[in-house]
Amino acid sequence: MSSRINKAERRYQIEFFIAMALYMAVLIGAKMLAKGMEPGWQLTALALAPQVPIAFACIAFLRYFFSADERERRLIADAASISLLVGVFVAVTMGSLASFEIFSAEWDIIWAGPFLIAVWGVTRCILQVVK
């Protein structure tokens with residue numbers, strides 16, 4: 001791995017960590033401020049505030065992706081494709097089971113993102129070893 005790629009990876013790790021730390025701080029602060037608040041534009045703004053650090057994390061990832069070499073990009077893209085397929089399969093399966101009232105699908109949609117990221121991370125590790 002070249003020095004340029006190592007620097008890009010290190011920059012990504014720092015930027016991503018900062019974005020996630022900000023996300024946690026903003027999320028906790030927004031949840032505390034939202035207690036007892038009436039629905040309206042202020043509550044909507046508080047609910048959306050944690051998405052700003054998430055956008056910074058996405059930008060950090062894209063910067064890393066575009067600075068990666070061809071092999072690394074291929075691993076990232078392959079893992080993303082497989083994660084999308086797994087995510088869609090799981091969502092359709094859960095929806096089907098819920099429509100037949102086999103279980104209640106009233107789970108918080110916020111877990112879909114972490115699920116897909118976890119599948120992507122595991123898939124990327126597997127692909128890195130296999131390829």
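These legends walk through several close-up views of a predicted model.

The model is predicted, with local features needing pLDDT of at least 70 and side-chain atom pairs counting only at pLDDT 80 or more, while totals for chains, interfaces and linings use all residues. Residues are numbered from 1 along each chain as its sequence is written, and side-chain values use heavy atoms, with hydrogens and water left out.

**View 1. A nonpolar patch that includes I14.**
I14, F17, I18 and L22 make a nonpolar surface patch of about 400 Å². Patches are made of residues with over 30% relative accessible area and no salt bridge; like charges are joined within 9 Å, and nonpolar side chains (Val, Leu, Ile, Met, Phe, Trp, Tyr) within 5 Å. The areas come from the Shrake-Rupley method with a 1.4 Å probe, and for residues only the protein chains shown count as cover. I14 sits in helix 1, residues 3-34; helices (H or I, at least four residues) are DSSP runs, numbered from the N terminus. With a relative accessible area of 40%, I14 is partly exposed. Here buried means under 20% relative accessible area, exposed over 50%, and partly exposed in between (1.4 Å probe, protein chains only).

**View 2. The salt bridge between E15 and R11.**
Stay on helix 1 for this one. E15 and R11 form a salt bridge whose closest N and O atoms are 3.9 Å apart; the term needs a side-chain nitrogen of Lys or Arg within 4 Å of a carboxyl oxygen of Asp or Glu. The two residues are separated by about one helical turn, because E15 and R11 are four residues apart in helix 1. E15 is partly exposed at 24% relative accessible area, and R11 is also partly exposed, at 32%.

**View 3. Helix 4 against helix 5.**
Helix 4 (residues 70-99) and helix 5 (residues 112-130) pack with their axes 8 Å apart, at an angle of about 135°. That angle makes helix 4 oblique to helix 5. Axes are lines fitted to C-alpha atoms, for helices over the stretch in contact, and angles run from 0 to 180 degrees between N-to-C directions. Angles under 35 degrees count as roughly parallel, over 145 as roughly antiparallel, 65 to 115 as roughly perpendicular and the rest as oblique. The crossing of helix 4 past helix 5 is right-handed, as the near helix is turned clockwise from the far one by less than a right angle.

**View 4. E72 and R124, a link between two helices.**
The side chains of E72 and R124 meet in a salt bridge, 1.8 Å from N to O. This pair links distant parts of the chain, with E72 in helix 4 and R124 in helix 5, 52 residues apart. E72 is buried, with a relative accessible area of 5%, and R124 counts as buried at 18%.

Along helix 4, R74 and D78 are four residues apart and so separated by about one helical turn. Their salt bridge has its closest N and O atoms 3.0 Å apart, and D78 counts as buried at 15% relative accessibility. Elsewhere, salt bridges that share partners join R11, E15 and R63 into one network. The structure holds four salt bridges.

**View 5. I117 on helix 5.**
I117 lies in helix 5 and counts as exposed at 60% relative accessibility. The C-alpha atoms of I117 and S83 are separated by 7.9 Å, with the two residues 34 apart along the chain.
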